[in-house]
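Subject: Structure handover

Hello,

Here is the structure I promised to pass on. Please open it alongside this note.

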Amino acid sequence: MLLMGCKESPTEKIPRTKVVFHTDVLLRHTPVKDQGNSSLCWIYAMLATIESEHMMQGDSVELSVDHLAYMYLREQCLQRYAQATRQDLTTRGVAPMALRLMRRYGCEPNSTFRAYDNINYPALCRKLQVRVDALTSQARGAGQVRDAVEEELQEAMGPLPRFVFMYSCEYTPLEFAHSVLRQEEYVTIGSWTHHPFGEEFVIESPDNHYAESAVNVPLDSLQQLIDRALTTGHAVCWEGDISEPGFSFKTGVATVKETKEEATQGRRQIAFDRHATTDDHCMALVGIAHDDDGRRFYIAKNSWGTDNPFGGFMFISEAYLRMKTIAIVVSRQVLNDNHNNP
């Protein structure tokens, strides 16, 4: 077993499930979180990936999901006013959007800004919409709208700190973001035959509100990148389909009817074209394991709390990963290493 220093991890053998897993690789990671009734898995997973990246380099950091959620909702409110749009406010998104929000608004440690517990995000979105629409109909100015939005957000989530204090230094959220996220540090990868390999395409998800793009590669190459990332100490942000009957948080295991050999490029494309594969969820891949029959599984850090046999982690079969991955976000260093060491 190659155990890359975990803080909270699934054990090698857990008797509360029929499948026994043996850990081959496990990266350092922060504790499992619970996204509650929000649809913020894409932020949780992307920040978990960044946190593991830093922990593997010896730097302990735990980032605030709530800061990015606050900024995302505020941005949507101001756009709704400025553009007179009627698109519903949402907490849905895709993983690379979290990177864009960090570059645009910065980030904060979880210890600096943590929103109030049990926020009802659907209700908050509706309340913000009503407030913004009312002010718009009253022909209120942009400043009044901004103040009203801040008032609603702070009442629901708590006051947002203007500065980050760490190691006796003061940072703005943007300055702090520059310390944990380098420019162009991550790359998004997908694998679909209806786009040319080697070129970028816009991720085809209704939640892709920023028109984020991914580099298209063959399926085998995508899996090889994931394997190379995990075995060299880089977590992977995974975006994919969890609507399959074989995905069970209760048991902590995700499988599909296909074998690894049947999980081909063509077969996954057919599932996508028929909408049998959809963009449902994001998790951070932090390890590799195998069962007693030698079948490979990927260890995913989920954001649904810890109430399953593996403390909130999921074991995703190799076939599931090949069939149901929509896109991944990974350190660009892994891509560069792959080119240098084919």
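Predicted model: local features only at pLDDT ≥ 70, side-chain atom pairs only at ≥ 80, totals over all residues.

Residues are numbered from 1 along each chain as its sequence is written, and side-chain values use heavy atoms, with hydrogens and water left out.

Start with helix H5, residues 142-157. Helices here are DSSP runs (H or I, at least four residues), numbered from the N terminus. H5 has 16 residues. Its buried residues include Val-145, Leu-153 and Met-157; buried means under 20% relative accessible area (1.4 Å probe, protein chains only). They pack against helix H2 (65-83) and helix H4 (121-137). Gly-158 follows H5, with a positive phi near 110 degrees.

Next, the cores. A nonpolar core is a set of buried Ala, Val, Leu, Ile, Met, Phe, Trp, Tyr and Cys residues joined through side-chain atoms within 4.5 Å. The largest has 55 residues; Trp-42, Met-46, Leu-63, Met-102 and Met-157 touch the most other members. H2 gives the most to this core, nine residues. Apart from it lies another core of 49 residues, including Phe-249 and Phe-313.

Last, the cysteines. The whole structure has zero disulfides, a disulfide being a pair of cysteine sulfur atoms within 2.5 Å. Cys-41 is buried at 8% relative accessibility, and Cys-282 is buried at 2%.

Best wishes

Notes. Helix = DSSP H or I, 4+ residues; strand = E, 2+ residues; numbered from the N terminus. Expected span 1.5 Å × (residues − 1). Buried < 20%, exposed > 50% of the residue type's maximum accessible area, 1.4 Å probe, protein only. Contact = heavy atoms within 4.5 Å.
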